[in-house]
Amino acid sequence: MKDKVLEGFEKIYGKRDDVKAYFAPGRVNLIGEHTDYNGGHVFPCALTIGTYAACAKRDDRKLRFYSMNFDNAAVVEGSLDNLDPENNPGWTAYPKGVVWAFEKKGFKLDKGFDLVIYGNIPNGSGLSSSASLEVLTGYILRDLYGFDVTNQDLALIGQYSENNYNGCNCGIMDQFAVAMGKEDNAIFLDTADLSFDYAPISLKGCKIVIANTNKKHKLTDSQYNARRSACEEALAELQKVVDIKGLGDLSIEEFEAHKDAIKDDDRRIKAKHAVYENQRTIEAVKALKDGDIKKFGELMNQSHVSLRDDYDVTGVELDTLAEEAWKIPGVIGSRMTGGGFGGCTVSIVKDEAIDEFKEKVGKAYREKIGYDATFYIVEIGGGPTVL
Ligand code: GLA
């Protein structure tokens, strides 16, 4: 891939000696969904698939972007003097948003750059192609311009740009997982204070299998922001009766004792998911540490049911993939991952059951939904890097 982006760079912008190649991963979340904007826990890991880039600084204030993912794409031009979100639509709003966010935080770019990217995360799959591109851009800026920021800062800057430039009110999970990824480890992150632990993932005799619904969706278009607002309103109601900073501060018992403070049935049920899912995540990580993969899988399944019945972010495509997976004895656990409304499921599947999984789930999906799902066996990779 390094050669591919370097060759792409040369073809588009001409030969340069100072061009460098970079990579940032995508991510999959194993459990802890829609908890990250509620001060709860998440348990994602970085993947070995991600976004590659070749980049070099320019002598003027121009910015040029080219994606090798689109056939016969044109170079998109921009300028450091025109970073207004209103004037910068399309995919380049992600890297431009990060430049804009760096400048907002006081890190001014003296010169522009030429950038080529190539990603092998399926687009719109919920495996964080946007967070990958954001963190990649931040990583490149740090490397080329010498900005004094940590990987955790790169995650926060990426989230800031996504919230304020791209209009998605996402939490910190995706950018954090991408920026802080560690090979063969998942990240047990407490989003209340960003404290975290790496948890080694050794799935003896099993693999992580992703199934993509191939449903076209976009988080900003979806009801993601509406779910977040419902949780924030529920929190404000609960704060009148109990001293908490986020829904993640509540145990299940505390939630049940105080839930009547939430005056709307729908809001109460959304808040219930956030509280229960957070506790489930803590329990799941403990089960994994104790070597109880069966329990971990059961909690994954329960997570999907809660996202389906209470949080209402799955849809027939994700439900079909998860529910068909549960029927196969060699499936340890299966659930939707990411924001929902399309995207992917993540399943832990015994090695000997993987072919059966793909065949049976794939067939049932095609019959019910009318088009194919795609399956990938993924590996847990590290964070962003110079190639
Ligand atoms: C998306 C968001 C994350 C998180 C998940 C749901 O991936 O970007 O911040 O909220 O949805 O867990």
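Select T345 to begin the tour of this predicted model; T345 lies in strand β11 (residues 344–350). Helices (H or I, at least four residues) and strands (E, at least two) are DSSP runs, numbered from the N terminus. Beyond its neighbours within four places in sequence, T345 is in contact with V209, I210, A211, L318, L321, A322, S334, R335, M336 and T337, where contact means heavy atoms within 4.5 Å. T345 counts as buried because its relative accessibility is 0%. Buried here means under 20% relative accessible area, exposed over 50%, and partly exposed in between (1.4 Å probe, protein chains only).

Residues are numbered from 1 along each chain as its sequence is written. Local features need pLDDT of at least 70 and side-chain atom pairs count only at pLDDT 80 or more, whereas totals for chains, interfaces and linings use all residues; side-chain values use heavy atoms, with hydrogens and water left out.

Next, display the open sheet of six strands, whose order is β5-β4-β6-β3-β1-β13, with mixed pairing. Two strands pair if DSSP finds at least two bridges between them. At the edges stand β5 (76–79) and β13 (385–386), each with a single partner strand, so one side of each has no neighbour in the sheet.

Within this sheet, select β3 (residues 44–57). Of its 14 residues, 12 are buried, so strand β3 is largely enclosed by the rest of the structure. On one pairing, β1 and β3 are joined in the antiparallel sense over nine bridges, and R27 stands opposite A46 in β3. On another, seven bridges join β3 to β6 (residues 113–119), and these strands also run antiparallel. Two partners in β6 can be picked out: D114 for A56 and I117 for A53.

Now turn to the largest pocket and select Y94, N123, G124, S129 and S130, which lie nearest its centre among the 47 lining residues. A pocket is defined on a 1 Å grid over the protein atoms alone, as an open set of points where a 1.4 Å probe fits, with protein on both sides within 12 Å along at least five of seven lines; lining residues have an atom within 4 Å of a point. The space in the largest pocket is about 1,000 Å³, a volume being the space filled by probe spheres set on the points, which are joined across faces, edges and corners. β3, α2 (93–104), β6, α3 (129–145) and α5 (173–179) each supply at least two residues of the lining, and the largest share, four residues, comes from α3. Colour the lining by type to see 16 nonpolar, 23 polar and eight charged residues. Ala, Val, Leu, Ile, Met, Phe, Trp, Tyr, Cys and Pro count as nonpolar, Asp, Glu, Lys and Arg as charged, and the others, Gly among them, as polar.

Then select helix α6 (residues 224–238). Its 15 residues should span 21 Å at 1.5 Å a residue, and the end C-alpha atoms are 21 Å apart, which agrees; the expected span is 1.5 Å times one less than the number of residues. Buried residues of α6 include Y224, R227, C231 and L238, and their cover includes α7 (252–258) and α8 (265–289).

Most residues other than glycine have a negative phi. H34, in the loop between β1 (20–29) and β2 (41–42), has a positive phi of about 60° and counts as buried at 4% relative accessibility. N214, in the loop between β9 (206–212) and α6, also has a positive phi of about 60°, but counts as partly exposed at 27% relative accessibility.
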